Amino acid sequence: MNHLQITDYTLTTALGAGVDVNVEHLHDGCSGLHPCEFFDISDLRTWVGEVAGLDEIVIDRQFSAFDCRNNRLALKGLKQDGFIESVQQAVSRYGAARVGVFIGTSTSGVHQTEKAYLSRENDTAALPDWYQYETTQNTYSVAEFVRAYTGCDGVSVAISTACSSSAKVFASAYRAIHSGLCDAAIVGGVDSLCLTTLYGFNSLQLLSEEPCRPSDIARNGISIGEAAGFALLQRPQQMAGVGLFGYGESSDAFHMSSPHPEGDGAYLAMQAALHSAALNPEEIDYINLHGTATVANDFSEAKAISRLFGNKTPSSSTKGWTGHTLGAAGIVEVIFSLMSLKQGYIPPTLNTQQIDPGIKINILMEGCSLRVKTVLSNSFGFGGSNVSLIVGEIQ
Amino acid sequence: MKPVYVDAVGLAGPGLPNWVEAVPVFSGNAVYKSEPLARYRPKLLPANERRRATDIIRLAFQAGEDAVSSNKNFDLSQIASVFASSGGDLDIIDNICRVFAGPDRAVSPTQFHNSVHNSAAGYWSIATGSQAPSSSLSACDHTFSAGLVEAVMFATVEAIPTLLVVYDISAPVPLLDKVLKNRTFGTAFLLSPVQSAFSCASLTVALVSELRDESKALSSELEMLRNDNPAAKAIPLLELLARKEGGLLTFSSPGSQYIDVKVVPC
C-alpha cells in the first residue's frame with residue numbers, strides 16, 4: 001500500500017495528559033496503575049489506570065448533551081498537544097466535508113447508563129430525566145462528539161470490535177482515503193472505566209489483583225485502564241516524519257473470549273500487515289505487543305510471533321504503564337510506537353520479573369536505545385478480532 | 001467509489017422473515033402485515049454457541065444466513081464481514097445494569113463476552129470458519145449508510161466478497177423510553193467486487209455534500225418501519241432490488257453529508 005502520513009497525534013492515559021508526560025514515564029518506569037478506587041467499587045481487588053480529573057471536566061454548553069465520562073475523556077484528550085488546531089488546519093486546507101472521523105470504543109458511555117440504573121428507586125421505575133441515551137450510551141456517541149467538536153463534516157463512524165477497535169480505525173481510514181471519500185482523517189480511540197468492564201473481566205477471572213505483568217511466569221490477568229488518543233492521517237505531505245505503512249486484519253473463528261491457542265488469527269493479521277507494507281519480518285525493528293498479561297493471550301501472541309519473526313525481534317508490552325485500555329489500546333500503543341521511532345528508544349515490559357519460559361520471543365526487560373525505523377503494533381479483541389499495524393519513519 | 005455487485009440479499013423483519021417472502025411486499029404485490037419475529041435458531045452455529053446466542057445475535061444470523069443460503073456456491077470461509085448496529089445488545093446492557101443496581105454485582109461471564117458490539121461478528125466467524133477481516137460499527141441513526149460504505153470499501157479496496165449485516169433490536173423497558181426506535185429489523189447484502197452469474201444489481205456509492213431528501217419507502221406502513229429502526233433505512237434499496245429496478249437513492253450520513261447509491265440491475 002502507499003503509506004499515509006501521521007502528521008499529528010496526542011494521547012491521554014493514566015500516565016498523564018499529552019505525549020510528553022507519557023514519554024517521560026516510559027523512560028522513568030513510573031506506572032500509572034493504582035489500586036482500584038473507581039466510583040463506588042469496594043469489592044474488587046484490582047489495579048486500574050485511571051485518568052485523573054475527569055469528574056471536574058465541564059463539557060461546553062453547546063455539547064452538554066454529550067456529557068458523560070467517556071466524552072469528558074475524549075475532550076481532555078483532544079485538548080492536548082495542539083491537536084484541535086492541527087485538525088482545524090486540515091479542515092481549512094481540505095474543507096470540513098473532506099476530513100473523516102474514525103473512532104474506536106468498546107463501551108462508549110455505558111457508565112452513564114450504569115449511573116442512571118443505579119439512581120432508580122426501584123426495579124420498575126423509569127430512567128432519570130438527566131439520562132440521554134443517544135449522546136452518551138450509543139456506540140456512536142463519542143465519534144459524533146469528536147466530529148462535532150472539531151468541526152469535521154466528512155464520513156464519520158465508531159468502530160467497536162472490542163480491544164482492537166482503535167487499531168481497526170487506521171485500516172478503515174486508509175480505505176476511505178484510498179477510495180477518495182476523504183483527504184484526511186482523525187483516527188482515535190476512547191474508552192473509560194466503567195462497572196461493566198471491571199466486573200465483567202472479573203467474572204471471567206481475567207483481572208489481576210496486582211499490577212499486570214505481561215509475559216511473566218506468574219502473570220495472572222489484566223489491569224484495566226482508560227485512555228483517549230487521536231492521530232491525524234493524510235496523504236504523504238513530505239519525505240520525512242512518520243506514517244502508517246501497513247495494516248492487517250483477521251478473525252480467529254475460534255472462541256468469543258479466548259484467543260486461538262497457537263495464535264493463528266494473530267499470525268494472519270501480522271502476515272497481512274507485513275504484506276501490505278511490503279516488508280520482510282526482519283525489517284521490523286520493534287514489536288509493541290498486545291501483551292495483556294492473561295495467560296492465554298501472551299502465549300498465543302508469542303507463538304504467532306515466533307512462527308513469523310523467529311525469536312530475535314525486540315518486543316515489549318506497555319500495558320504495565322497504562323493498564324489495558326481496551327477500545328483505546330490500539331491508538332495508545334501506536335502512539336507509543338511513534339515515540340519509539342522518534343526517540344530511538346524501546347520501552348521494557350514494566351512489572352515483569354521473570355519471563356515465562358514458554359514465551360520464546362525476545363521480551364525486553366530493560367529499555368534500550370536503538371535506531372527504530374519500523375514498528376509493528378498488535379491489537380486483539382474479544383470475538384477473535386485481530387489487527388496488526390505497521391508504522392515507520394518516512395525516508 | 002468503484003461499483004460493487006449484490007450477489008444475495010437477506011432479511012429478518014417483523015412480518016418479513018426472509019427475503020423470498022419479503023419480495024412481494026417490497027415490490028408492491030402484497031400488503032405489508034407486521035408480525036413479531038419468531039425466535040430464530042441459527043443453522044450455522046455449533047450447539048454451544050447457539051445456546052449462548054442472544055436475540056440480537058440471532059437476528060443478525062437470521063438476516064446473514066438468509067443471504068448466504070440463497071446459493072450453495074458461496075464459500076463462506078472466504079467472505080469478509082461488516083456488522084453494523086446502532087445500539088448493539090441493549091438487552092444485555094439492561095441486564096448488566098440491573099445487576100449493578102442489585103445487592104451483589106455478579107455479572108454473568110457469558111453475558112459479558114456477549115456484550116461487545118462485535119458479538120454477532122465473533123459468532124459469525126466461528127459459524128463460517130472465516131478468518132477474513134471483519135468490522136463492527138455504529139453511526140447511530142446513520143448506521144445503515146455507514147455500514148454500506150465500510151462494506152463497499154472492504155469489497156473494493158481489499159478486493160474480497162463482503163457480507164454486510166445491518167441489524168437492531170427494540171430496546172427493553174426502561175431503556176425503551178430513551179431509545180425511541182422500537183422495532184426490530186435486520187437485513188444483509190452479500191457484496192462482490194466483480195460481477196458474476198449471481199449478481200442481481202450493481203451499487204455505486206458516493207458521498208455528497210449538497211442538501212438532499214432521504215429516500216423514503218413506497219408505502220406508509222413500510223415508511224413507518226423505516227423510521228422505527230436504523231437498519232430499516234435500507235428499505236428503499238430493498239424495494240428497488242425486489243422490483244429489479246434501477247434508480248438513485250439517498251441515505252443520511254453523519255453531519256451534513258448524504259450517501260448516494262446508484263442502483264443498476266444486472
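Tutor: Let us begin with a pair of residues: Ile159(A) has Leu137(B), in S3(B), as its bridge partner. This is a predicted model, in which local features need pLDDT of at least 70, side-chain atom pairs count only at pLDDT 80 or more, and totals for chains, interfaces and linings use all residues. Residues are numbered from 1 along each chain as its sequence is written, while chains are lettered from A and ligands numbered from 1 in the order in which they are written.

Student: In which sense do S6(A) and strand S3 of chain B pair?

Tutor: They pair in the antiparallel sense, over two bridges, and S3 covers residues 134-138 of chain B. Two strands pair if DSSP finds at least two bridges between them. Strands (E, at least two residues) and helices (H or I, at least four) are DSSP runs, numbered from the N terminus.

Student: How many residues of chain A are in contact with chain B?

Tutor: In chain A, 56 residues are in contact with 56 residues of chain B; contact requires C-beta atoms, placed from the backbone, to lie within 7 Å. Among the elements that each supply at least two residues to the side of chain A are helix H4 (110-118), strand S6 (156-159), H7 and strand S10 (242-251). By class, that side has 24 nonpolar, 20 polar and 12 charged residues. Here Ala, Val, Leu, Ile, Met, Phe, Trp, Tyr, Cys and Pro count as nonpolar, Asp, Glu, Lys and Arg as charged, and the others, Gly among them, as polar.

Student: You mentioned H7. Is Ala167(A) buried or exposed?

Tutor: Ala167(A) lies in helix H7 (residues 165-178) of chain A. Ala167(A) is buried because 33 other C-beta atoms lie within 10 Å; the cut-offs are 20 or more for buried, 12 or fewer for exposed and partly exposed in between, with C-beta atoms placed from the backbone.

Student: What does Ala167(A) touch?

Tutor: Leaving out residues up to four places away in sequence, Ala167(A) touches Gly330(A), Ser379(A), Val387(A) and Leu389(A). The C-alpha atoms of Ala167(A) and Val332(A) are separated by 9.3 Å, although these residues are 165 apart along the chain.

Student: Changing topic, what is the strand order in the open sheet of chain A?

Tutor: The order of its three strands is S3-S4-S8, with mixed pairing. Strands S3 (34-35) and S8 (224-225) are the edges, each pairing on one side only.

Student: And how many helices does chain B have?

Tutor: Chain B has 10 helices, along with eight strands. Of its 266 residues, 58% count as buried.

Note on methods: Contact = placed C-beta atoms within 7 Å.
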